[in-house]
Amino acid sequence: MKQPQLGQKIQEWRKAKGMTQEELVERCNINVRTIQRIEAGEVAPRPYTVKAILEVLEVKSEEVKELKLDGEEPAKPDQLRAWLRFSFVTGIIYLIFAIVESVLDMALVTEGRSIETGFGMLYTSVKMGVLVLFIMFTSGFFKLGQAHGNILIKLVSILMIGATGIFIVDDILTYWNGTDIYSGLIFRSIVAGSLYVLFATGFLLMARERSKLYLMTGVIGLMTGVSFLTVVFAIPGLVLLTVFEVFLLVVLHAEYKGQASTESMTLVGKAQVL
């Protein structure tokens with residue numbers, strides 16, 4: 001990947017100041033890996049990150065305006081924004097379907113429904129709807145992890161989709177086969193808990209680089225995962241899971257807005273150069 005001008009210039013300004021990357025990141029409150037990737041041209045830094053770096057390096061705005069930003073290799077912000085918006089919208093619909101799914105599951109537990117064609121078709125349709133919407137919702141985090149170089153979030157997103165698919169297919173088969181609905185619940189709780197802990201850890205790792213929203217999301221996700229891992233607190237964990245998923249929606253919305261801000265900054269920079 002060709003090193004964009006901005007990353008190259010930041011490296012030049014830093015060296016002109018006689019500063020190491022460690023000294024720069026300490027004063028900017030970002031991590032070393034972030035500045036390494038910016039200088040190497042592997043990522044397009046967010047506006048507030050650029051502002052913090054330039055303030056520490058005491059770079060004048062005129063020097064930034066002179067950069068030929070239109071010559072940089074594009075980071076495809078439109079594609080990422082589209083994914084984030086798509087995942088945010090489908091995430092809202094997913095939460096609605098998940099609530100309906102919970103009601104149907106409770107009906108099976110409390111009323112002990114036998115196999116009924118009408119209820120079975122509704123149950124199957126809702127379950128499949130939840131699966132499809134969950135895939136769409138979670139794909140946004142795969143893209144987000146990809147954009148920020150967070151391998152953990154990317155990997156766990158795929159594992160969560162796979163596990164959810166297996167669980168939902170098992171729910172449908174369990175209903176139509178008339179088998180015990182309680183079978184495998186402990187195993188599910190442990191698997192889900194492990195995945196939520198890993199997923200939350202991914203957000204915690206990005207907290208310093210991104211914002212407090214990532215920290216809060218990671219903490220709620222960690223509490224959710226631990227609740228499921230204990231099995232005993234799996235029911236309260238369902239409440240925490242709902243809160244966690246709401247926070248995930250907020251993250252998607254915030255990232256979408258952030259991408260829009262980055263794109264606007266780039267367009268303004270180009271206009272100033274022209």
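Residues are numbered from 1 along each chain as its sequence is written. Local features in this predicted model need pLDDT of at least 70, side-chain atom pairs count only at pLDDT 80 or more, totals for chains, interfaces and linings use all residues, and side-chain values use heavy atoms, with hydrogens and water left out.

**Exercise 1.** Determine how many helices and strands the protein chain has, and what share of its residues is buried.

*Solution.* Begin with the secondary structure, in which helices (H or I, at least four residues) and strands (E, at least two) are DSSP runs numbered from the N terminus. The protein chain has eleven helices and zero strands. Next, apply the burial cut-off, under 20% relative accessible area with a 1.4 Å probe and protein chains only; buried residues make up 43% of the 274 residues.

**Exercise 2.** Classify the ring pairs Phe 137 with Phe 141 and Tyr 196 with Phe 244, and place each pair in the helices.

*Solution.* Rings of Phe, Tyr and Trp (its six-membered ring) pair if their centres lie within 6.5 Å, and planes under 30 degrees apart count as stacked, over 60 as edge-to-face and the rest as tilted. The structure holds 15 aromatic pairs. For Phe 137 and Phe 141, the centres are 5.6 Å apart and the planes at 80 degrees, so this pair is edge-to-face. Both residues lie in helix H7, four residues apart, and are therefore separated by about one helical turn. For Tyr 196 and Phe 244, the centres are 6.2 Å apart and the planes at 90 degrees, so this pair is edge-to-face. Because Tyr 196 lies in helix H9 and Phe 244 in helix H11, the pair ties together parts that are 48 residues apart in sequence. Phe 137 and Phe 141 are buried, as are Tyr 196 and Phe 244.

Technical notes:
Buried < 20%, exposed > 50% of the residue type's maximum accessible area, 1.4 Å probe, protein only.
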